[in-house]
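I opened the model and kept notes as I went. The entries follow the order in which I looked things up.

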Amino acid sequence: MAWNEPGGNDQDPWSGKGKDQGPPDLDEVVKKLQEKVGGLFGGKRGGGSPIGGGSGKGGSKLVVVLIVVVAIVLLGMKSFYIVQPAERAVVQRLGAYHSVTTPGPHFLIPFVDKKTIINVDQVNKFGHRAQMLTKDENIVDVTLTVQYRVQDAADFLFQDADPVKTIYSAVESALREVTGKSTLDEIITQNRSAVAAMVKQNTQALLKTYRTGLVVTNVNIQDANPPEEVKEAFDDATRAMADKERVQNQADAYANDIVPRARGAAARQVEDAKAEAFKVVSEAKGETKRFLALLNEYQKAPKVTRKRLYLETMQEVLAETGKVLLDVKEGSNTMAYLPLDRLMNQPKMAPAAAVQLPGYESLEAESKTRKLKDAQRRRSEVAADRERARRNR
């Protein structure tokens with residue numbers, strides 16, 4: 001009879017009631033716990049009957065059903081998995097490669113399929129430093145950084161035993177190859193970016209050959225220096241090259257400033273010369289036409305024209321002179337005295353009327369008519385010359 005049933009005299013094994021006892025018996029405690037668990041599932045508590053007997057069979061079946069349900073739920077939870085956007089899942093079926101799943105929910109056969117999640121967007125980085133021999137038989141100390149990521153998850157897992165170690169070796173090989181084909185100046189100053197690009201290209205070619213599943217995203221040469229023993233001399237050479245480039249840039253800037261101005265001045269002088277030549281030629285042609293016109297008039301009336309030309313010429317020549325000419329008849333003893341020094345110092349007055357010689361009236365009328373015609377002809381010719389000059393420009 002249990003201690004907590006009627007008639008059990010309230011003998012609680014965990015309490016200190018009754019007689020003074022030592023620690024409770026462990027077997028008795030386990031037995032009582034089994035009885036309690038059996039009571040929960042419908043088993044008989046009293047008489048010490050076993051849990052599995054009688055109505056305990058139905059409780060055992062219920063436990064089995066619950067275990068099966070829990071197992072199915074757990075298997076169902078493990079059969080579905082989700083791949084994140086930056087990941088790829090490599091699925092193995094019975095240990096062999098099966099497929100690569102893309103981001104999203106997927107189903108997995110329990111105990112048959114196995115998945116491995118690979119992050120394909122994570123960029124990894126490592127540094128490398130080495131001393132190598134250049135094309136011109138110099139030693140250079142190069143330090144570079146390499147960035148890479150996983151491109152093909154299946155190749156990364158199965159095609160190469162250690163892809164990370166392979167990329168280290170590929171960078172070392174590519175760097176030595178490119179350095180051996182380049183001069184020291186190209187690596188240190190002139191062509192550093194091109195050297196880094198060639199190292200990246202050669203490294204990627206090796207990784208593709210070994211099918212590592214990796215891709216090189218960037219190669220950057222952090223530092224490239226000669227050995228410490230000759231570093232000071234190379235620094236001087238580098239400063240000299242920088243000074244050379246600075247002076248060259250200044251010279252180019254001066255040339256770009258002075259050459260266009262010189263070309264502009266030369267072009268201006270050429271155009272001025274062309275204009276002067278055209279002017280001289282046009283004036284010569286005009287004088288030629290005027291002379292031919294005078295020649296035509298001279299041929300019509302030689303004496304009159306000759307006299308008119310003589311008078312006009314003498315008037316132009318003697319108009320600004322300080323000399324005085326007197327027409328004295330032959331045999332005349334008259335002496336004319338003119339105070340030239342006073343005449344020269346006197347303020348200029350209006351020019352005196354021209355002395356008309358005998359027979360000058362008819363000559364003057366005729367010459368006015370001819371002058372008017374000549375002036376009209378010259379104006380028309382000058383206008384025509386100007387129009388041709390404007391068109392030629």
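**Entry 1**

I started with Arg211, which sits in the loop between α6 (192–210) and β8. I took helices (H or I, at least four residues) and strands (E, at least two) as DSSP runs, numbered from the N terminus. Phi of Arg211 is near 55°, a positive value in a residue other than glycine. Arg211 counts as partly exposed because its relative accessibility is 42%. My cut-offs were under 20% relative accessible area for buried, over 50% for exposed, and partly exposed in between (1.4 Å probe, protein chains only).

Next I checked Asp155, in helix α3 (residues 153–158). Asp155 is buried, with a relative accessible area of 14%. I set aside its neighbours within four places in sequence and listed the rest: Asp155 is in contact with Asp160, Arg211, Thr212 and Gly213. Contact here means heavy atoms within 4.5 Å.

**Entry 2: ground rules**

This is a predicted model: I read local features only at pLDDT of at least 70 and side-chain atom pairs only at pLDDT 80 or more, while totals for chains, interfaces and linings use all residues. Residues are numbered from 1 along each chain as its sequence is written, and side-chain values use heavy atoms, with hydrogens and water left out.

I then took the totals. The protein chain has ten helices and eight strands. Of its 393 residues, 22% are buried. I also looked at contacts between residues at least 6 apart in sequence: 61% of them join residues at least 24 apart.

**Entry 3: the sheet with β8**

Which strands go with β8 in its sheet? I found an open sheet of three strands, in the order β6-β7-β8, with antiparallel pairing. Two strands pair if DSSP finds at least two bridges between them. β6 (124–133) and β8 (214–225) are the edge strands; each has a single partner strand, so one side of each has no neighbour in the sheet. Neighbouring strands are turned by 25° against each other on average, direction ignored. For angles I used lines fitted to C-alpha atoms as axes, for helices over the stretch in contact, with values from 0 to 180 degrees between N-to-C directions.

I followed β6 into β7. β6 and β7 (residues 139–150) pair in the antiparallel sense over ten bridges. Met132 stands opposite Val140 in β7. Helix α4 (residues 163–180) packs on this sheet and touches β6, β7 and β8. The direction of α4 makes about 35° with that of β6. Further along the pairing, Gly127 stands opposite Thr145 in β7.

β6 and β7 form a hairpin with five residues between them. In its turn, Glu137 has a positive phi of about 60°.

Phe126, Tyr148 and Tyr168 form one aromatic cluster. I counted rings of Phe, Tyr and Trp (its six-membered ring) as a pair if their centres lie within 6.5 Å. By this rule the count comes to three aromatic pairs.

**Entry 4: the other sheet**

I moved to β2, β3 and β5. They make an open sheet in the order β3-β2-β5, with antiparallel pairing. β3 and β5 are at the edges with a single partner strand each, so one side of each lacks a neighbour in the sheet. The twist averages 25° from one strand to the next. Seven bridges join β2 to β5. Val90 has Thr116 in β5 as its bridge partner.

Is Leu94 buried or exposed? Leu94 counts as exposed, at 72% relative accessibility. I placed Leu94 in the loop between β2 (87–93) and β3 (96–101). Its phi is near 55°, again a positive value in a residue other than glycine.

I found Ile109 in the loop between β4 (104–107) and β5 (113–119). Ile109 counts as partly exposed, at 32% relative accessibility. Lys78 is 31 residues from Ile109 along the chain, and their C-alpha atoms are separated by 8.8 Å.

**Entry 5: α7 against α8**

How do α7 and α8 cross? The axes of α7 (residues 231–300) and α8 (residues 302–318) come within 5 Å and cross at roughly 130°. α7 and α8 are therefore oblique to each other. Angles under 35 degrees count as roughly parallel, over 145 as roughly antiparallel, 65 to 115 as roughly perpendicular and the rest as oblique.

I listed the contact residues. Leu294, Glu297, Tyr298, Gln299 and Lys300 in α7 meet Pro302, Thr305, Arg306 and Arg308 in α8.

Notes
Rings of Phe, Tyr and Trp (its six-membered ring) pair if their centres lie within 6.5 Å; planes under 30 degrees apart count as stacked, over 60 as edge-to-face and the rest as tilted.
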